[in-house]
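Work through the exercises below with the sequence and the 3D structure in view. Try each task before reading its solution.

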Amino acid sequence: MRYSVDHVLVCGVACVIAALSGCENAPPPELSDKPIGFTEVTADAGLGAFRHDNGADGKKYYAEQMGSGAGFIDYDGDGWLDILLLGGGYWDRAPHVWYKSFWMYRNMGDGTFEDVTEEVGLGQLSAFTLGVATADYDNDGDQDIFVTNLNENMLLENKGGVFEHKKSSLSIHDEWSSSALWIDTNRDGWLDVYVGNYADWSPTRDKFCPEGGLVKLYCVPADYEGISSRYFEARGDGVFVERTQEAGIYHPLGKALGMAEWDFNRDGWPDFVVANDGEGDLLFMNNQDGTYSERGVQSGIAFSEHGEARAGMGIDIGVMDETGEPSVFVGNFSTEMIGVYRYLGNGLFSDRAARSRIGQPSLNTLTFGLMVIDVDLDGDLDLFVANGHVYPDRLVGQDKITYEQRAQLFENDGSGFFEEVPPSTTPPLEIEMVARGAAYGDYDRDGDPDILIVENGGPARLWRNDVTGRNWLRVTVTGTEGNRDAFGTHVRVYAGDRIQERRIRSGSSYLSQNEVVATFGLMDIQSIDSVRVDWAAGSSLVLQDVPINTEIHVTEGQQVTDQAGLSGVLHTNGGFGDSWAPEIVGAGGAFFDYDGDDQQDILVVTGGAFEGEPPLGAHPALRLFRNMGNGTFAEVTQPAGLALLRSYSLGVTIGDYDNDGDQDIYVTNLGPDLLLRNTDGVFEDVGQAAGVGVISEWSTSAMFFDANLDGHLDIYVGTYVHWTPEDDIYCSFGGSKVYCTPELYEGIASRYYENQGDGTFTEATERAGFLTGVEAIRDKTLGVAEMDANGDGWPDVVVANDTERDMLFINQGNGSFIERGITSGIAYDQHGKPRAGMGVDVGVVDDTGEPSIFVGNFSDEMVGVYQHMGGGIFRDRASASRIGQPSFKTLTFGLVLFDVDLDADLDLLIANGHVQTHIAQIVDGVTFRQRPQLFLNDGTGIFAEMPPAGLLAESFVGRGLATGDYDRDGDLDVLMVENNGPIHLWRNESQGRSWLRVELIGTESNRNAYGAQLHLWTNGQMQVRRIRAGSSYLSHSETAAFFGFDGTADSLYVRWPSGKESRNYELGINSRLLIVEDE
């Protein structure tokens, strides 16, 4: 793996500071008596340079008092919330030296932010910026930005972490826009846009408003005509069409400042509310046909309890009490209470401002930013409001109403009654501000929502929420059938005796963008009963056994993982902010039948923690899930004897090394490896006794294979580099520590263990020819695969090395090997340079009958494709196969060949994900999270990439990849393990073709029959499969041979590792065939 760094420093462990990340599973906390507390961290976080410019220079233009917004956005997809601040603008004076229209700050993951405005393409854009709304409008996997301005609006398309101003119909109107709302009104999977417009004003039409005197004062909203907001419908091709009139959304009075979305009548279609300044608020109910009916007056939310229009500013919606019905909160002018409207059903709302106990304390404040959030993680939504007046010179004689005002926090008692938190409780609430935009997001990933505020004509403020001693859950979602942001999705958590509900949505607050995550406070609850996700597209999902104090990611269409009982199964890389090299490697998984019931079970390698770092609780090295035969799995880690294993686990290979009929496990670690002997479904670590678990080094992929064909499985163990926390190398980019390139570390020679047939192994690395002079200490192996390169019946070994040449070990027919990587043509790329080899697989992909080697490489390196031409020579066919170019921008780890569509040829699936979270800032078009890619074979070794739809449109930090037919329907399903994230089980639903599964049991050969080669003839076509362990990346796939075809199968030929041959002519279709050697 190659990484971009700009500074290298060798140092000891004292150079590394551990920063505990709260998004890992944590032990239950002790309940705190003082849960509410904010800390002002603006300067320490690196945001102190920002200043908002409202254009003021004495003219008192009407627009000067509107302020601007702010947004939390993960623009680079690294899992950390970045911050976008809008700088406002100016008219006919020179700009301040510090002025910028946009201020983008990248989250460095250590509590600080770095100004990357120029790097992300926003530095040269100029506008009088007001509001921000982010969404993945083009469903391409990254967050785009819509900015409302005091002139033409802007759609900023995210292209790998760099933004491009996209000219569209959204930006052709020279109007005063305010907030904006992304919303999939017609549920077609493409986000539409509602753009709030304010008043018909410009500097040339500014009015002189002296209020009876000769000195100009700021005008009031009634002095200007409003302008209608606009609605734009997405066509799905990047084009938006205005349909304001046709959709029933046109409203001439205008003066919209805030808007929020909800499904009030629970019909599955998004409705929305608009807060207007001095005009009645609006409620648009969806007619389920792409049009709306406005029901503000009829519903009871348009006016105050006295029938008067109020000065609506910010707005938000949430379920605040046990009724389960949403309440709408609207920030209003001073002398006007904050509006509190609870939905009663049947399209009606009740005004609860006074009764909720929010009304009276809000009479003297003017509220702009407004958010409902569970500040104290006690399981109910509280109300936070950012206040500040608009008339610095109209408040004479109003002793209780000031220009600068405190923010207010109203704590919910769980029944919809609120108590204002005294400002003395936490110092930031005592700060007087001219606040405007406000947003929330968990920027430090500790589970509680932090707060971001922008002052009009002043600084930004970041308040870190320091709740301690309370449990929580965060849920992120990704849509595949609906819009990718999954806007319109409801998430409910059932825990204890309570139900909490959140909605994934755009809009809310004032001119600002909140994080798009459902956060649930759990107080002292130690377990969650279930989580229910109701997708915007209409389907539902219920998750069981969800852990607390963690963030889970749920993808629409990935219900298989959760329905199978695998939700909440996570890999952890042990990272605590140190950027230590092993954190990027990830881990693997396996399909195998551990208990002999003819069902494929699942083993997940779960990573671990570093010595001396905060422990990750009861974190076993492995988790084992038994296939129940009904599409679900039950965890059996403890009864299988695996629960007490502790290691920093990485890779896995499966094989019956003692030929007793049970499948044993070899686990590679950062430290001594494990050899787990299976006795009737219970595992015991016998590594040290067997002679394979005695060396502490960094192992990666491994494989069982019978190198000398004596009927006993030997082990090849790939090893990586010399690394310990004490000799970690310091590499930096932009002043922050990053992961170093492996070229800075010394590689270690891989190891070969020869099975003695008595349950023990002898290391025979050098004797077998696997030590190749100086190259032996530079292996840096990440992937290994077995093949018979020359067709002589003896197993050869392919090794993918990271930044060192790949290797091909040819068996000499006696269990010893000669390395032929260079002479065979697989060692280097076409320019004679080594690549960053990761995963590897081998298969016959065309009608030549010759094997091809596939190697996953780094971004800016194609996936390697080497076809055997005979005579031990391979030809590089990456470009000719049409895999090369589409894989150029991806970093490929897991890599498997299998017949995904049962059409009689092997296809290629690759799992991608980068190692550097900041890569989008360095390389155009390369992202941290990346899509998997599926390449379909046309039968001649020419591949076509499947379009990115469904699961292939989702982005992951992919690592391990394995295949297995867990549901026994004849097609191979997929298991993928994310680095520091969840596992994913993808069910293959290919239909309409015949299939045959062939399992072999060796008697003279090793019992797994590893090394056997099968040839199936169907309709005059020959398919070749090989029984083997290894391949892919850190993972193990089901070892039976799978064949897909049309019609019937003619004959099957098997060449056993022992050299024996067998032929079968009576073959069924859609069947499972078991062949025992010599029977």
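A residue is buried when its relative accessible area is under 20%, exposed when it is over 50%, and partly exposed in between (1.4 Å probe, protein chains only). The model is predicted: local features need pLDDT of at least 70, side-chain atom pairs count only at pLDDT 80 or more, and totals for chains, interfaces and linings use all residues. Residues are numbered from 1 along each chain as its sequence is written, and side-chain values use heavy atoms, with hydrogens and water left out.

**Exercise 1. Disulfides**

Task: Find which cysteine Cys209 is joined to by a disulfide, and state whether Cys209 is buried or exposed.

Solution.
1. A disulfide is a pair of cysteine sulfur atoms within 2.5 Å. Searching the whole structure gives two disulfides.
2. Cys209 is joined to Cys219, with an S to S distance of 1.9 Å. Both cysteines sit in the loop between β12 (192-197) and β13 (230-234), 10 residues apart. Strands (E, at least two residues) and helices (H or I, at least four) are DSSP runs, numbered from the N terminus.
3. The torsion about the S-S bond of Cys209 and Cys219 is about 90°, so this disulfide is right-handed.
4. Cys209 has 7% relative accessibility and therefore counts as buried. Cys219, at 2%, is buried as well.
5. The other disulfide joins Cys731 to Cys740, with S to S 1.9 Å. Its torsion is about 110°, so it is right-handed. Cys731 is buried at 0%, and Cys740 is buried at 5%.
6. Counting bonded cysteines along the chain, the pattern is 1-2, 3-4.

**Exercise 2. The surroundings of Ser178**

Task: State in which strand Ser178 lies and what it is in contact with.

Solution.
1. Ser178 belongs to strand β11 (residues 175-183).
2. With 2% relative accessibility, Ser178 is buried.
3. Contact means heavy atoms within 4.5 Å. Neighbours within four places in sequence are left aside; Ser178 then has contacts that include Gly131, Thr148, Asn197 and Leu511.

**Exercise 3. A sheet**

Task: Give the strand order of the open sheet of four strands and name its edge strands.

Solution.
1. Two strands pair if DSSP finds at least two bridges between them.
2. The order is β61-β62-β63-β64, and the pairing is antiparallel.
3. β61 (892-898) and β64 (943-945) are the edge strands, since each pairs on one side only.
4. Within the sheet, β62 (residues 907-912) and β63 (residues 933-937) are joined by three bridges. Leu909 stands opposite Leu934 in β63.

**Exercise 4. Salt bridges**

Task: Give the number of salt bridges, then describe the one between Asp78 and Arg106 and the one between Arg805 and Glu819.

Solution.
1. A salt bridge is a side-chain nitrogen of Lys or Arg within 4 Å of a carboxyl oxygen of Asp or Glu. The count by this rule is 55.
2. Asp78 and Arg106 meet at 3.4 Å, N to O. Asp78 is in the loop between β3 (70-73) and β4 (82-86), and Arg106 is in strand β5 (residues 102-107), 28 residues apart.
3. Asp78 is buried at 6%, and Arg106 is buried at 5%.
4. For Arg805 and Glu819, the closest N and O atoms are 2.7 Å apart. Arg805 lies in the loop between β54 (796-801) and β55 (807-811) and Glu819 in strand β56 (residues 817-819), so the pair ties together parts 14 residues apart in sequence.
5. Arg805 is buried at 9%, and Glu819 is buried at 15%.
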